[in-house]
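Please look at the sequence and the three-dimensional structure shown here before reading on.

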Amino acid sequence: MQKDSTAENVFQNLRSKGLRVTPQREKILQIFMELKDGTHLSAEDLFKMLEKKNENISLATTYRTLKLLSQFGYLRELDFAEGHKHYELNEDKRPHHHIICLNCNKTMEFEDDIVNQVGYRIAEERGVEIVDIQFKIYAICPGEHDDVNKTHRS
Ligand SMILES: [Zn+2]
Ligand SMILES: [Zn+2]
């Protein structure tokens, strides 16, 4: 199977940072690359997708790989309202931010230069190197909400 060149670039880069590109890491990164923009996966979501593709990767390995790929800056680790982490591909574009509906967990993405500038300014003042800027707005979306059950999800 022909590998897409962007994926190959990422794997090259991983190797140059001394990270072994195991088939599991490769598979997981590839899944993120194929996701539609604005999709966020939890470890459990990813695990289910791997199972569906008949990949023999344990949930523990899935967790570990997500952590590792985030530490190396390939994924963004997002802490949404549900109390467990979500991940998305950390692309070379401007940081985007999230609005999270506390009622149905729907997430919306937005970009805002002012938010980013504040992040860059504070990092400079403190002399730290930015890995990621995340701004979260917890809100109630205008969608239909059932009082008891979640009626829609992102
Ligand atoms: Zn996002
Ligand atoms: Zn909602």
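What follows is a description of the chain, from its overall layout to single residues.

## Basis of the description

This is a predicted model, in which local features need pLDDT of at least 70 and side-chain atom pairs count only at pLDDT 80 or more, while totals for chains, interfaces and linings use all residues. Residues are numbered from 1 along each chain as its sequence is written, and chains are lettered from A and ligands numbered from 1 in the order in which they are written.

## Overall layout

The chain has five helices and six strands, where helices (H or I, at least four residues) and strands (E, at least two) are DSSP runs, numbered from the N terminus. Read along the sequence, these elements come in the pattern α-α-β-α-α-β-β-β-β-α-β.

Of the 154 residues in the chain, 14% are buried. A residue is called buried if 20 or more other C-beta atoms lie within 10 Å of its own, exposed if 12 or fewer, and partly exposed in between, with the C-beta atoms placed from the backbone. Two residues are in contact if their C-beta atoms, again placed from the backbone, lie within 7 Å. Among the contacts between residues at least 6 apart in sequence, 50% join residues at least 24 apart.

## The three-stranded sheet

Strands of a sheet pair through backbone hydrogen bonds, either parallel or antiparallel. Here, two strands are said to pair if DSSP finds at least two bridges between them. An open sheet of three strands has the order β1-β3-β2, with antiparallel pairing, and its edge strands are β1 (41–42) and β2 (75–79), each of which pairs on one side only.

Strand β3 (residues 85–89) is joined to β1 by two bridges, and in this pairing Leu41 has Tyr87 of β3 as its bridge partner. Between β2 and β3 there are five bridges, also in the antiparallel sense, and here the bridge partner of Leu78 is His86 in β3.

## Helices around α4

Helix α4 (residues 59–71) lies across β2 and β3 and runs at about 110 degrees to β2. For such angles, axes are lines fitted to C-alpha atoms, for helices over the stretch in contact, and the angles run from 0 to 180 degrees between N-to-C directions.

Helix α3 (residues 43–52) packs with α4 at an angle of about 120 degrees, with the axes 10 Å apart. The two helices are therefore oblique to each other, since angles under 35 degrees count as roughly parallel, over 145 as roughly antiparallel, 65 to 115 as roughly perpendicular and the rest as oblique. In this contact, Ala43, Leu46, Phe47 and Leu50 in α3 meet Leu59, Thr62, Tyr63 and Leu66 in α4. These residues divide into seven nonpolar, one polar and no charged, where Ala, Val, Leu, Ile, Met, Phe, Trp, Tyr, Cys and Pro count as nonpolar, Asp, Glu, Lys and Arg as charged, and the others, Gly among them, as polar.

Helix α2 (residues 23–34) also packs with α4, at an angle of about 70 degrees and with the axes 10 Å apart, so α2 and α4 are roughly perpendicular to each other. The contact is made by Gln24, Arg25, Ile28 and Leu29 of α2 together with Thr61, Thr65 and Leu69 of α4, and by class it has three nonpolar, three polar and one charged residues.

Strand β4 (residues 97–101) and strand β5 (residues 107–110) run antiparallel and are joined by four bridges, with Ile99 standing opposite Met108 in β5. The two strands form a hairpin with five residues between them, and Asn105 in the turn has a positive phi of about 65 degrees.

Cys141 is found in the segment after β6 (136–139). Leaving aside its neighbours within four places in sequence, Cys141 is in contact with Cys101, Asn103, Cys104 and Lys106. The C-alpha atoms of Cys141 and Leu102 are separated by 8.1 Å, although these residues are 39 apart along the chain. Is Cys141 partly exposed or buried? Because it has 18 C-beta neighbours inside 10 Å, Cys141 counts as partly exposed.

## The loop between β3 and β4

Glu91 is found in the loop between β3 and β4, and this residue is partly exposed because 14 other C-beta atoms lie within 10 Å. Its C-alpha atom is separated by 9.3 Å from that of Gly73, which is 18 residues away along the chain.
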